Amino acid sequence: MQTLESESIAIIREAVATTPRPIMLWAEGKDSAVLLHLARKAFYPHPLPLPLLYFDGGRQDPELTRYRSQQMAAAGAEWIIQPLPSAAQGTVHPETICTALSHQGVGLVLWGFRGDEGRHPPASCIHAIFTQDLPVPAAPRPAPWGLYNTHPRPGEILHVFPLAQWTERDVWLYIKSEGISIAPLYLAAERWVARNGSHWLLADPQPQAQAEHLEQRRVRVPTLSTWPPVAVESHAQTLGLLLAEVLRPYPVVLEAMQGQGAGMQAATSRSATDAAEGHHTSPTQLWPAQDRALRLILCGNVHEGKSALIESLAAGCKRLHAGGGAAHLSSPTLLITGRRHYRIAEVPGHPQALPELIAAAATADLALVLVDARTGLSLQTRQQARILAMLGLKDLIVVVNRIDLIDDAAERFTALCAAYRDLALTLDLRVYESIPISALTGDNIHTPSPRTPWYTGPTLWEALEGWVSAPQDEVQAFRLPVQWVKDSEPGQAAVVYGRIAEGQVGNGTAVRILPSGLSTRVAAIWRGFAAVESARAGEAIALCLADASELKRGDVLVAAEAPAEVADQFEARLLWLDTHPLIPERQYLLKLATQDVRASVTALKYREDPDTGAHLAARTLNTNELATVNLATQSPLVFAPYQTSRQLGGFILIDPLKHETVGVGTIDFALRRATNIHWQALQVDRLSRARLKHQTPCCLWFTGLSGSGKSTLANLLDQRLHALGRHTYVLDGDNVRHGLNRDLGFTEADRVENIRRVAEVAKLMVDAGLIVLVSFISPFRSERQMARTLFSPGEFIEIYVDTPLEECERRDVKGLYAKARAGLIKNFTGIDSPYEPPEAPELHLRTAERGVDDCLETLLGLALERTAPR
Ligand SMILES: Nc1ncnc2c1ncn2[C@@H]1O[C@H](COP(=O)(O)OS(=O)(=O)O)[C@@H](OP(=O)(O)O)[C@H]1O
Ligand SMILES: Nc1ncnc2c1ncn2[C@@H]1O[C@H](COP(=O)(O)OP(=O)(O)O)[C@@H](O)[C@H]1O
């Protein structure tokens, strides 16, 4: 329960810390009550930093109105109250909410949907999802290690589901243990109801409205998501009695509440009621004995029997499934047994499900690998094993399915086990057990199968219940990635929020802030609303530091005596997800813990053959390919090798233009050269160089198709500026390709490198005080954006020389278009290689409509204004 709470708090904080206009939806239901409680805890001791949005559907019930007013007064947050759009007909449908939100300029919405509800915003309004494991109709972005891609594309709203991992049972137990106030309609009372087919509907309580068909009954309302709500007859007038009623489907939990140990038979409602109502029952007794569910990942190929296996496993224990989700998407299944809880993520076999495999594998304790006895180890099985190993999974159970369908079962089983063990050995995975089963008929799942007398090992169930994780090698030093900082107000210390990645922290602990290296001491710790003496890994906390003036999101607090490593070049393993290939030297956004930096792959050392694992040479990386790379970040990262810390060693790569998550990686180690090269401070600075030349240096970047007029215009402008006494230099694609870049061709990867080099050269020249005119096709937005980031604001001037392809072909100054059309030149821009026009250039010149002189005058005006001495 505490893990669920901490995870949800971390999600809420990420949402608020990384998006400009977040809001939280609230309605009178119990899930909203839990979400609001979690959000208040997330930012305690400060008030909620985001507004709450309530859609008023005109629900007139006096009990509900009173509850709503109390909650609004107590929340300590800004409320936005909007009438529910008329189309909603009194009920808060996700569809109507989404439509209403799209007009509000909101960047992110926190929803209270649970994973087991199967309700979610409709596909039409889901643009980007920032949670894992919730069944959603759009492809979710993979979020391993709680690394959420919070970059919406323009016009998109992020939809965030902090309760995605919660079941209804979790919500009720949490409400009880935290003393959260819920709407009184959830509790039984005498109320007016109307029969509607087989069930009751709550009726308008105004006496004058009571028609003959109404009657008074002792009822409670199980859900407020529809209006008027369904009412069920009940005697649960208190929360304790209510819990006994609603938790009746969860016998094991009820028995735990009675302190009678575990078992699987249903508790009688009488004793369960006593237990729940009993004043001696402390909140902690209500929580399951095992705080954190064992996370299992079930992988196998399509149609290999994953669902059948879960069905067979679930026979004999309570199963909670996130129902109602789209059929093709997996949703977590929770199995509750006497010994522990299992949260099972079923990962579809097809390659498109890789994001789900990654998200589940990054946090899984144990993998169940399903192998079909008839088909054996497929390429998919091997690839999955490689990914499990990369993400640090250690243990797996191999289940050889459909053992009942083959003749030479014993031999086949032995051969398959040996093959998988060989594979596991090369990947450093431990095969905990190999078990022959039939998922359909249940052989060797709960009871030993008479059909496999040659197998003497445990049943799958025995293996699962007997599995214990390998002990942690060593106690890790304290690490806390800073999620959010509440700036100190005069006379108050700053409060720092985050989830402890490693180790523990206590009041008075000496900590260091990385990467700055400043030292300070912990003055106070809060876990939720409670001031505590100490906290440990996994807990979401708030810290007050003795001196936190320099602190910001992305910093990492570490134990002063054992600081983490800081570097900007690494060797890493990278799994590429995007359909567009990875291009070395292209810039991506890298997110590691709460740090966001620009990064590029500087060398693709080798790609792994998915079948054999052999190291293959590669110039780019395609979807689902795994590689070992060198990585450079633009600013230093606080990190740990993934082997020692998943939280500080796992990262995602985001495409800065598409905003998609394009890669998932793990850091092996920092490259030594990263620490051995230092920036040499020079005495003559750029300002003095520029002053000497009586000008303001800048980079005029001409981009456009071949033949658009870049060289012509850059040349003429250069002459005019030179004549006026400006110090200039022209870097022309054709010329630079004769020298510095003569090793490069016209593939996407080569063009990326071409632009990287020329951008770096242009930067040096601007540093030297020159006005640099760069005339390169530079067809990709991504690289032009990268070039822009090398310069100070205002220094990079993008000039789009816009000439339609037909006009360029007509001009065909160098006869290259004719050759390209004849198939003599490959990858020719505009013909069989793309050109991505600038979206917001500083200058847009349409050369087909304007003559050379006209264009030149406009250019000169801009150049003189930007380069005038300051
Ligand atoms: N396949 C192909 N595609 C595009 N251009 C080609 C190609 N092959 C040769 N050329 C000639 O190379 C010049 C473009 O080089 P750049 O360095 O500007 O290209 S890029 O920025 O790396 O895309 C370009 O010069 P400009 O016509 O001045 O643009 C061409 O003359
Ligand atoms: N408005 C214009 N601006 C620039 N060039 C033009 C214009 N109108 C016609 N042209 C002609 O188009 C051709 C462009 O060739 P070039 O400058 O070599 O293009 P690029 O460097 O983009 O490949 C030249 O022959 C130039 O005279």
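Reader: Which backbone atom is 2.9 Å from an oxygen atom of ligand 1?

Author: A polar one of Ile-777. Polar contacts here are N or O pairs within 3.5 Å. This is a predicted model, where local features need pLDDT of at least 70, side-chain atom pairs count only at pLDDT 80 or more, and totals for chains, interfaces and linings use all residues. Residues are numbered from 1 along each chain, chains are lettered from A and ligands numbered from 1 as written, and side-chain values use heavy atoms, without hydrogens and water.

Reader: OK, and what does Arg-751 do at ligand 1?

Author: A polar side-chain atom of Arg-751 sits 2.7 Å from a ligand oxygen. A nitrogen of ligand 1 is also 3.2 Å from a polar backbone atom of Lys-826.

Reader: How much of ligand 1 does the protein bury?

Author: 93% of the 620 Å² that ligand 1 exposes when taken alone (Shrake-Rupley, 1.4 Å probe).

Reader: How many residues surround ligand 1?

Author: 22, with a heavy atom within 4 Å. Among the closest are Ser-706 and Asn-827.

Reader: Which helix gives the largest share of that shell?

Author: α20, with three residues. Helices are DSSP runs (H or I) of at least four residues, and strands (E) of at least two.

Reader: New topic: which strands close into a barrel?

Author: Four of them, in the order β7-β8-β10-β9, paired antiparallel. Pairing takes at least two DSSP bridges.

Reader: How many bridges join β8 to β10?

Author: Two, linking residues 199–202 with 230–233. For Trp-200, the bridge partner in β10 is Ala-231.

Note on methods: Polar contact = N/O pair within 3.5 Å; in protein donor to acceptor, adjacent residues only side chain to side chain.
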